[in-house]
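Hi there,

Here is the structure I promised to pass on to you. Have a look at it first, and then read my notes below.

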Amino acid sequence: MAEKLVEIKNLKQHFNVGKANEVKAVDGISFDIYKGETLGLVGESGCGKSTTGRSIIRLYDATDGQVLYEGESVHGKKNKKDLKKFNRKMQMIFQDPYASLNQRMKVMDIIAEGIDIHGLAKDANDRKKMVYDLLETVGLNKEHANRYPHEFSGGQRQRLGIARALAVDPDFIIADEPISALDVSIQAQVVNLLKELQEEKGLTYLFIAHDLSMVKYISDRIGVMYFGKLVELAPADELYENPMHPYTQSLLSAIPLPDPNYERNRTRKAYDPAVHNYVDGEDVKMREVSPNHFVDCSEKEFAEIQEHLAAKK
Amino acid sequence: MEKILQVKDLELSFHTFGGEVKAIRGVNFDLYKGETLAIVGESGSGKSVTTKSIMRLLPEATSEFKNGEILFGGRDLTKLSDKEMQKIRGKDISMIFQDPMTSLNPTMPIGRQITEPILKHQKISKDEAKKVAIDLLRLVGMPKPELRMKQYPHQFSGGQRQRIVIAIALACNPQILIADEPTTALDVTIQAQILELMKDLQKKIDTSIIFITHDLGVVANVADRVAVMYGGKIVEIGTVDEIFYNPQHPYTWGLLSSMPSMDAEDAKLYAIPGTPPDLLDPPKGDAFALRSEYAMKIDMEQPPPFFKVSDTHMAATWLLHPEAPAVEPPEMVIERMKKFPGSRYYEGSAN
């Protein structure tokens, strides 16, 4: 596989550390993101998938662990120059296109904010031209530059969010549920746009979502999170065909598909963490059960999965 | 089957600074006893406005019934006074809203919120109402209901809050339950639980449900019949099998094709081009024509009437007119049609 762009090593993000209400939102996860791929991150709300995304882009200071971007640590002290350099490479698209755009700024200034901060435009005309080009890239046109966010529909706003992220020419984009707030027909437009941009510019995505069918469609690999931990990580097709962790199986069995015949026969599997029956001190960690397919399991479970896989062949 | 609610030629407009927004432009449907009717469509298609007008929850200062009637129990709901409507709302017809975070009162213990409609509509004492409320909480699967009665909404998770909202909606055994995107704000696993709960309860108390959603997976799971709305009108209505396996309207084709399928490896997702029509100035002909590759000249000039496909299935598209040219639906839709006896692509049994 291609080279690693981002390495996440035992990342921990705890809130209210040391107090009675300490929350271990992300509790030691490790994975790599390769150049040019889309890594999907799924899980129910509160499992820490958004926190993971926000920690990677340094919106939070990590409690423990490391995030390496092209071998350099993201966290830790940085001078202004280094921080700026880093901010240009990594950008984020937020979930709610209604809340993530400043209502009092014109589209032109929203998109150009990054351009201004990094001094990417030579003069006012150049700045204008860059914004117009960006608007065109995301399927809007230059007349839109002089409007305010409230004059746009949800799908159009999300396009503005994408244009803003692209303004500084990043390599890596974290998309935190970018389509959850949109209609089905508009979701497809935005997903297609993200895919086209990836092909054109060779972008790398971390795609956070709870809509599993869309995640499968857009992702090359998918990570499943449960209570601050990564429980399974596999190529998208492999994960859907051979889910190994009981939580992944439960999650997959809960997705309703637009097919009434299938729906009538679908049975849902519930997940109860007690099924693992881990003994104290048992070594539970991510193990590779088949090439590129990692499952959070104990030694004993690992043997069972291997047996199961062997029987399948 | 017994018709419990009839919506006839309903037209409703909003008066705004920009002019008159024709949000509903002639909607007709019947709701039968004990069935689940799903209404699907994108935002702005008028699905929420339709149900809010049934509940009479729209602001009277700015909205206006232009035409049509909503018949329930022999009465036209559009003509009732506020007082009369208050007797129906929450008792005979009740509603579950999309966002369980905002539809509960944060300053009131949930016990009081559940007993509120019971005390309002039924002549029973507070103690009895409390017992009913505890039973309801148990019914919707809340553990330790006696203890939970005294707690406030912030002490519950999203899924639990939606269960409470359902309990409130069911408090007076309504004949009609309107659920406006009840699971959109919830996770898939919680969504599955809530859907199972609603289906279970429907069997127990024989309520009719109007289920609004834009998630076609959820529709396939819960609906008996489906109405597809676009631009303030119903464009296609039929049983769930007919809509999913033998769709006729190009908009329904577009909706079905824009969902990624789990098994097929598609190069590109089908996206319906363009945006929904501006209802300040609705198009003269078929509202979907501007976004449709199947549009004909007549689509721009005259709105299509309903053409009957079967006894239960109707679609408003000129493509069904006997003189219309035969067109091929998108490939994904043909794949679906192959499974449906009665469609022209049927290829033998699905199993």
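**What I found**

Lys9(A) is partly exposed because its relative accessible area is 38%; buried means under 20% relative accessible area, exposed over 50%, and partly exposed in between (1.4 Å probe, protein chains only). Before going on, please note that this is a predicted model, in which local features need pLDDT of at least 70 and side-chain atom pairs count only at pLDDT 80 or more, while totals for chains, interfaces and linings use all residues. Residues are numbered from 1 along each chain as its sequence is written, chains are lettered from A and ligands numbered from 1 in the order in which they are written, and side-chain values use heavy atoms, with hydrogens and water left out.

**Salt bridges**

Side chains of opposite charge can pair when their charged atoms come close. Lys9(A) forms a salt bridge with Glu7(A), at 3.7 Å from N to O; the term stands for a side-chain nitrogen of Lys or Arg within 4 Å of a carboxyl oxygen of Asp or Glu. Glu7(A) counts as buried because its relative accessible area is 17%.

Another salt bridge joins Glu37(A) and Arg221(A), 2.8 Å from N to O. This pair links distant parts of the chain, 184 residues apart: Glu37(A) lies in the loop between strand 2 (23–34) and strand 3 (38–42) of chain A, and Arg221(A) in strand 9 (residues 221–226) of chain A. Helices (H or I, at least four residues) and strands (E, at least two) are DSSP runs, numbered from the N terminus. Both Glu37(A) and Arg221(A) are buried.

Lys35(A), Glu70(A) and Lys89(A) are linked in a network of salt bridges. Over all chains, the rule gives 31 salt bridges.

**Where the chains meet**

How many residues of chain B are in contact with chain A? There are 37, and they touch 36 residues of chain A, where contact means heavy atoms within 4.5 Å. Chain B and chain A bury about 3300 Å² between them, with 54% of it on carbon and sulfur atoms; buried area is the accessible area (1.4 Å probe) that two parts lose on being put together, summed over both. The rule finds 2 salt bridges across this interface. Arg264(A) and Asp241(B) meet in a salt bridge through their side chains, 2.9 Å from N to O. Helix 7 (188–205), helix 8 and helix 9 of chain B each supply at least two residues of the side of chain B that touches chain A. Helix 7 of chain B gives the largest share of that side, 6 residues.

**Inside the chains**

The largest nonpolar core has 61 residues, and those with the most contacts inside it include Ile111(A), Leu135(A) and Phe207(A). Such a core is a set of buried Ala, Val, Leu, Ile, Met, Phe, Trp, Tyr and Cys residues joined through side-chain atoms within 4.5 Å. Helix 6 (residues 184–201) of chain A gives the most to this core, with 7 residues. A second, separate core of 34 residues includes Ile164(B) and Leu186(B).

In chain B, helix 10 (residues 250–257) is mostly covered, with 8 of its 8 residues buried. Among the elements that cover these buried residues are strand 3 (36–40) and helix 12 (331–337) of chain B.

Enjoy exploring!
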